[in-house]
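Dear colleague,

I am passing on the structure we discussed, and my notes on it follow directly below. Please read them with the model open beside you.

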Amino acid sequence: MPFIMSEQTLSEPILNDISHRRYNLLRGSWVLVSPHRNKRPWQGLQESPSKTTLPEYDPECYLCPSNTRANGEKNPKFERTFVFVNDYSAVKEEQEGYHPERKDDSLAARLLKAEAVTGKCYVITFSPSHHLTLADMTPAQIVPIIETWTNLYTMHLSPKSSLAQLARSISIPPLNQTDLVKPSAQYRYMQIFENKGTTMGCSNPHPHGQIWTTTSLPEEPKHELEQLKKYQQEHNGSHLLVDYAELESKEKERTVFENKNFWAGVPYWAVWPFEVMIVSKQHKRTLVDFDDEERKDLAETIAEVTRRYDNLFETQFPYSMGLHQAPLDATEEEIEASHFHIHFYPPLLRSATVRKFQVGYEMMAEPQRDITPEQAAERLRACDGELYRRKL
């Protein structure tokens with residue numbers, strides 16, 4: 001008989017000892033938890049703190065101020081963030097059209113489906129300093145990054161969206177880059193993300209993230225949006241992540257950090273060992289919904305999460321981080337169901353070199369984890385304080 005979890009059993013100690021499944025409300029899927037396989041998740045390889053240091057400026061770095069990029073263009077001498085169209089974009093604004101000539105009743109038409117995708121990709125440098133990461137930055141240094149995300153999201157919003165008028169009233173510094181122009185087409189979705197560390201495929205240590213806009217709505221935000229709409233319809237207009245943040249704020253066991261406007265913690269259904277989600281406590285659909293105080297609180301939350309990550313194994317902690325919010329071109333129903341949140345997916349398990357691999361059972365059946373979300377959150381809570389490398 002399956003183990004049924006209710007609000008009363010969320011925190012029962014038995015879940016730290018028995019294998020069980022947890023339901024991911026955001027995806028409508030399950031994750032297998034096997035805590036008995038790893039009762040002491042921190043007993044692995046003990047390593048010395050990483051002392052890797054980078055210069056503040058690297059003349060060979062294509063992201064540093066005044067340096068030349070791979071395409072021959074020269075970066076300006078920027079002082080905050082700097083954005084440019086990706087020299088190696090995954091999608092392009094202009095390409096040859098795709099119009100399959102297949103009969104509607106053919107097997108090929110039934111079984112082999114493809115559609116063209118166009119879009120625009122950007123790189124955003126977080127700081128002119130080559131040696132900094134989000135974990136090194138103060139909340140005040142992170143605020144300009146959030147403002148840049150907001151400006152780019154606003155620039156790509158559909159003029160028909162109810163969010164467009166709201167976006168025009170936001171009081172934040174403009175991008176101040178005349179080389180950035182509005183896209184030639186209306187795109188459906190904008191994915192803002194950061195890959196930190198070579199483990200996550202990052203090819204340059206200079207602090208930066210990426211932004212991809214596409215004519216399609218990608219699978220992950222699409223699944224989440226469907227679940228958010230479903231919950232809203234089934235619970236008299238309530239918002240799933242508002243309710244979830246309220247519950248987690250009361251439960252505390254999976255909380256890593258929270259302030260007035262944001263909750264950050266290891267989701268009840270987390271797949272990765274030290275996965276973290278940042279959730280707006282109030283119903284905020286997108287970046288354009290935030291005021292100055294909320295942007296400062298978001299910056300503080302990002303700083304707290306990333307610093308704890310680095311302190312956990314005293315290393316430059318790798319992760320993939322991404323923002324989920326309302327699509328650029330959306331129906332009113334989609335806009336109102338959307339809820340701003342950030343995912344952090346880090347691969348490390350026991351040390352700076354021991355990783356969790358999603359293979360075998362995870363690839364063929366369903367995701368699986370050993371350390372429970374409660375144990376992971378407890379460990380991250382304990383990593384507060386000064387960034388470890390400042391004490392070396």
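Ser 158, apart from its neighbours within four places in sequence, is in contact with Ala 164, Gln 186, Leu 328 and Asp 329, where contact means heavy atoms within 4.5 Å. The residue sits in the loop between α2 (139-156) and α3 (162-168); helices (H or I, at least four residues) and strands (E, at least two) are DSSP runs, numbered from the N terminus. Ser 158 counts as buried because its relative accessibility is 4%, the classes being buried under 20% relative accessible area, exposed over 50% and partly exposed in between, with a 1.4 Å probe and protein chains only.

Before going further, please note that this is a predicted model, in which local features need pLDDT of at least 70 and side-chain atom pairs count only at pLDDT 80 or more, whereas totals for chains, interfaces and linings use all residues. Residues are numbered from 1 along each chain as its sequence is written, and side-chain values use heavy atoms, with hydrogens and water left out.

As for the chain as a whole, its secondary structure comes to 9 helices and 12 strands, and the C-alpha trace spans about 65 × 55 × 45 Å along its principal axes. The radius of gyration, taken over C-alpha atoms, is 22 Å, which agrees with the value near 21 Å that a compact globule of 392 residues would have; that rule is 2.2 Å times the number of residues to the power 0.38. Of the 392 residues, 52% count as buried, and residues 24 or more positions apart account for 72% of the contacts with a separation of 6 or more.

Thr 306 is buried, since its relative accessible area is 1%, and, leaving aside neighbours within four places in sequence, it is in contact with Leu 134, Ala 135, Tyr 319 and Phe 344. The side chain of Thr 306 reaches the backbone oxygen of Ile 302 at 2.8 Å, and a polar atom of that side chain lies 3.5 Å from the backbone nitrogen of Ala 135.

Glu 293 also lies in helix α6, but this residue is partly exposed, because its relative accessible area is 38%. The C-alpha atoms of Glu 293 and Pro 35, which are 258 residues apart along the chain, are separated by 39 Å.

Finally, there are two backbone angles to look at. Most residues other than glycine have a negative phi. Asn 176, however, has a positive phi near 60°; it is found in the loop between α3 and β5 (189-196) and counts as exposed because its relative accessibility is 72%. Lys 252 likewise has a positive phi, of about 70°, although it is not a glycine; this residue is in the loop between α5 (240-251) and β7 (255-258), and at 44% relative accessibility it counts as partly exposed.

Conventions. Polar contact = N/O pair within 3.5 Å; in protein donor to acceptor, adjacent residues only side chain to side chain.
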